[in-house]
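Student: I have a structure open and would like to go through a few parts of it. Can we start with a helix?

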Amino acid sequence: MRRLTLFLAFLMIGVSYLAAQTKASGVVISAEDNLPVIGASVVIKGTTIGTVTDFDGNFTLDIPQDASKTLVFSYVGLQSKEETAKPNMRVVLSSSSQSLDEVIVVAYGTAKKSSFTGSAANVKADALSVPSVESVDKALAGKVSGVRVASTTGDPGSAGEIQVRGIGSISSSTSPLYVIDGVPVENGNFNSRASSNILSSLNPNDIESLTVLKDAAAASLYGSRAANGVVIITTKKGKEGKVNVNLQANFGVSSMATNSYETMNGIEYYDYSKLALMNYYNDRGGVSGFNSPEDYALAQLDKRGLSRVNGEDWRDYIYKHGQEQNYQVSISGGSAKSKYYTSFGYQDIQGLARGTDFKRYSGVVNLNNELADWLSMDVKTQLSKTDQKGYRDQSNQSQGIGYGTPLGLLQQANPSKTLKNENGEYNAVLMGRGINPYYELNGKDKFLRTENFRALGNLNFTVKFTKDLSFKTTNGVDFSNAFINEYWGPNTIDGGGSVKGMGQTDDYKVLALTSSNIFMYNKSFKEKHNLDALAGYEVQSYHRNYTQAAVSNYSTDKLPDLSVGAPSRALGQTDKKFLQSFLSNVNYNFDNKYYVGANIRADRSSQLGADKRTGVFYSVSGSWRFSQESFMKAASLITDGKLRASYGTNGRLPDSFYGHLPLYNFDGIYGSNSAIYPSQPANKDLGWEQSKNLNIGTDITLADRFNFSLEYFRKYTSNLIMEVPVSSSTGFTTVLQNAGEISNQGVDFEFHGTDMLKSKVKWNADFSISYLKAKVEKLPGGKSMNLGDGEFYRYEEGKDLYSFYFPTYVGVNPETGLAEFLKDPTKPYSADNVVNDASKAERSIVAKAYPTISGGFNNQVVYKGFSLNVLLTYQFGGHLFNYPEYFMHHDGRRAATNISKDVAGNYWTKPGDVVDNPRPNAGGTGSDLFSTRYVKSSDFIRLKEIGLAYQLPSSITSKAKLGNVVFNVTATNLCFLYAATKNMELEVPLNGYRTGDTPLAKTVSFGVNVSF
C-alpha cells in the first residue's frame, strides 16, 4: 500500500510538472523565397535554452514554467524576430540584406553596414550560382552599381572583364584585386594566344558571399593593389547542427545569342562577286587575256570553285548548338566547436564553335575549429583542374583574323558547296583552298588546349588575449600549373604548306605565398563610445617559372606529340616579385550615430626603382546615421538612414616584373653563335601609379522594406605607368615611365525592395544605375597619343578615354556608287570636301567606347513553392568598333571572303540607287578601310537571366525522408529587348573593341537540387 501511494504521488508530481511546461512548435520560413530555414536558432529569451530547426524548417521546444514565454528566432542574413511561444507557429524571417544592420565582409574582417563608412556592395551566393556561368566574374553582370562586366569572347572558359567605377589605367590592367578567404590571389590569363580565365578554377557554388569594395575607404587597406577596386570572395563553411547533404544537377543547351556572322548564300555571293570582278575589269580598261568583263569574271569565279547555286549555310556547321552539364555535391555540419564544409563539383561545357569545350573538376574542404576558449583554427583548401580546348582567338586585339579560326573558316567557306559529295566524302569547300571547315574543326587535327591545376589553401589561427584584444594570422598558398598545348596538323589550313605541321607547349608554374598577421582591438566605453582598431604586417612572394618548346615539319599527321616534329624553338624564364606591407585601421562611433574611420598602409615592392619602392596609402571617412537622432522619431517612414563621405588614395604596380631594370635578351643568334642584346632601358625612378578617391553617399531605408543608396564618386589617377616615346638615338623607341593623368567620376544609384506587395505573393526588386565620365587629364609633354589596332584610339587632354579616331564615312553617292568620306571632318559636307578613299581623309575623334549609363534590374517573385527571377541589364551612350564587319563588308576587295548578309540587295548597281553599301570592285577603292562605317552604337536592354524554380511541399519530401527538393529552369542571354545595332553581340569590353571571336551563348538549363 505504501509503495502504491508513493508511486501515485510521484506520478502526480510528474504530471503537474509537465502541465507546467509549455510546448512550442512550428516552422520557420524565409520571407525572401518562402522556403523553410534550415538550422535557424530558436532560443527562450533571456536563457540559453533553445534548439535549431530541422531540414524542413520545423522545431519543437519545451519551455519550463519559470522561463519566459517569448522565443527569439534568428539566422545569419535574416532579421531576428521575437514571438510568443505556442503550438503550430509559423514564423517568417525577413532578409536583412536591405537593412543597414547587415554584416558584410570587408578588408581584413567584417563590419555592420550601419557602421561602415566606405562604399561596398554585397552579393549573395544564390545570385552567383548561375548554372551556365563557369566563373564568378561573369555572374556579376548587372548586379552591382558601378561594376561593369563583359567578355571578349563567348568561348567556354574565357575571361570575363570587370571594371569597378570606370577605367583605371590607359595601358595597364584595369582588373580589380581578388581576395579569397582573406588571401589576395592571382587572376588573369596565362595563354597569350587565346582568352582563358584563372578565376574559372573557382566553383561559384562554393561561394557564400562576394563583396565589391569600390572607394578608397573600403579598399585602401589593400594599398598598392586596390586602384581598380577589390572583390572579396568568402567561401562556404559548415553550420552547427545535423549533417546536411546537398546534391545539384543541371543540364543545358545553348545557341548563338545574336544573329551574328550571317553571310550571303551561294546565289547572292556569286552575283555580288561577278559584279565586283566586272567592275574591276572595266575600271582597269580590260585585263590581258580576256575579251570582256563577263569572260574575266566567269573565269575567276570558276577558279574559286563558285557556282550560282545555294550550298550549305556554313554557320550552322561551324557554330553549332552547345550543351553543358553541371553536377555538385556538398556535405556540411558540425558542433558548437567544430564545423565542416566539403564539396565536389564537375562542369562540362561544349561551346558553340565546333571543337571548343571547358571542363572543371573542383573540390573544397573548409574546417572551423574552436580549440579552446581563447584559440580557434580555420583550414580552407580548394583544389581544381580545368581543361579548356579551342583555337586561337582575337582576345588580345591583334590585327587580322586567323585563317584557321572558326570565323576565318566561315568567311572563306564556299556558299555554293555542300558538306559532302555524292560518295559521302567531305568536299574541299574553302574558296581557293582544299579544306573543309567542318573537318578542320574536328578538335583533333588542330587545337589549342589549356590545362590548369590550381591549389588554394590557407591556415588561420585566432588568439583571444582578452574579450577586447585578439590576434589573427592568415597564411595562404596559391599554386597554379598551367600547361598549354597547341597543335596544327600538316593537313590543316595553318599547318599546311611549308610549315608541315606545328606543335608548341607552354608550361607555367606559379606559386604565391601570403602571410597576414593582424592584431584587432574592439572596445565599448560607457555604452555610447565604440572603438575598433587593427594593426598588422603582411608579406607576399610570387614566383613564376615558364618554359616553352616548339617543333615543326611533322613526319606524320597521326600524332600531335612534339617528338614527331623537328625542334624549332626552346625558351625558359624565371620571374620573382615581393611585396612587404604594414597596415592599420581605426574606427570610432559615438552612440551608433556618428562614425569616423581612418586607414593607412605602407607597401614596399620589388617591381619599382630602388628609391621609389615604398608607397604610403591612406583614407579618412565619416558618416552620420541621422535616423538615430531624436528629431527623426516622428518620421516613422524612415526606419534607417545615414550620410557618409570618404577620401583616400590607392596605388597600382606595373604589370611587368622588372620594368625598372635594364634588361638583355639572351635568345639572339649571330651567325652560328648565340647573341645577347639590350631589350629594355632602365628607369630607376619608376614609381607607383596613384589614384585619389572622393566618395559622398547616402543610404536610406523606408518602412524596413525599401532601401535607397545614392553616391557620387571621383577618382583621379596620376603618375600613370606608360610606355613613353624616346629618341631612337638611345637604341630604344619607348621607356616605361610615370607620366600622364586620367579621371573617372560619376554617380551610382541602387534601390532594393523587399516584400514590396505585402501579400502572399512576395516581390523583391533590385535596381541599379551608374553614370560614368572618364577622360584624359594630362599626357607626356601635352602631346596626343594614338594606341590600339591601327592606332584608332586617340588620347587627347580633356577628351574621353577610349575615344575612336577614324575618318568620317558619309555614305554612298547615288550617282557614282562610290563611298564618300569627309576630307576635312571639321568642315561640313560639300563637293570639295569629299574623297572616295578613306586613306585620303583626315581622322578625328568620332565617338567614345565606354557607356555613359549602365546598370541592371533584378526581380524575384515568390508564391508558395514557386520562385521566378528575372534580370535585365542595360547600357547607353557607348560605341563599339565592329572588327568582323570590317572583314565582311569589304566591297568585293577580298577575293576569297564571303560578304555579310545585310549587304545582299543593299549595294549599288546603277545610278540613282540609294543604298548603304558602295559599288563592288574586286580591286578595291579604299572604301573598306577603317572608318566610322564600322563604329556602331552599343546601346541595349537585355534579358540577361530568367529562372523559374519550384520546391516540392514538405508533405511529399518528408515521406521520402528528404529535405528540400527544388526543380528549376534557367535561361541566360535570352534576347535583347532593345538593341541600337542589330545582329551582333553588343556586350563588348569597356574599350569598345568587338573581336572576331565567338559571340555569347544563349543557354537554357534544367536542374534539380536535393538536400537531406
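Tutor: Fine. This is a predicted model. In H4, the buried residues are Gly 266, Tyr 269, Tyr 270, Tyr 272, Ser 273, Ala 276, Leu 277, Asn 279, Tyr 280 and Tyr 281.

Student: What covers the buried residues of H4?

Tutor: The cover includes helix H5, residues 293–303.

Student: Where does H4 run, and how many residues has it?

Tutor: H4 covers residues 266–284, which is 19 residues. From first C-alpha to last, H4 reaches 27 Å, close to the 27 Å expected at 1.5 Å a residue.

Student: What goes on at the start of H4?

Tutor: A side-chain oxygen of Asn 265 comes to within 3.2 Å of the backbone nitrogen of Ile 267 there.

Student: Is the crossing of H4 and H5 left-handed or right-handed?

Tutor: H4 passes H5 in a right-handed crossing.

Student: Which residues meet there, between H4 and H5?

Tutor: From H4, the residues include Tyr 270, Ser 273, Leu 277, Tyr 280 and Tyr 281, along with Lys 274, Met 278 and Asn 282. On the H5 side they meet Pro 293, Glu 294, Tyr 296, Ala 297, Leu 298, Gln 300 and Leu 301. Among these H4 residues, Tyr 270, Ser 273, Leu 277, Tyr 280 and Tyr 281 are also buried.

Student: Different topic. Where is Leu 367?

Tutor: Leu 367 lies in strand S20, residues 357–372. Leu 367 is partly exposed, with a relative accessible area of 32%.

Student: What is Leu 367 in contact with, neighbours within four places in sequence aside?

Tutor: Lys 339, Tyr 340, Met 377, Asp 378 and Val 379. Met 377 is 10 residues from Leu 367 along the chain, and their C-alpha atoms are separated by 8.1 Å.

Student: Last one, Arg 625. Buried or exposed?

Tutor: Arg 625 counts as buried because its relative accessible area is 6%, under the 20% cut-off. Arg 625 lies in the loop between strand S28 (614–624) and strand S29 (638–652).

Student: What does the side chain of Arg 625 join?

Tutor: A polar contact of 2.6 Å joins it to the side chain of Asp 640.

Key:
Residues numbered from 1 in each chain as written. Predicted model: local features only at pLDDT ≥ 70, side-chain atom pairs only at ≥ 80, totals over all residues. Heavy atoms only, no water. Helix = DSSP H or I, 4+ residues; strand = E, 2+ residues; numbered from the N terminus. Expected span 1.5 Å × (residues − 1). Buried < 20%, exposed > 50% of the residue type's maximum accessible area, 1.4 Å probe, protein only. Contact = heavy atoms within 4.5 Å. Polar contact = N/O pair within 3.5 Å; in protein donor to acceptor, adjacent residues only side chain to side chain. Left-handed = near helix turned anticlockwise from the far one by under 90°.
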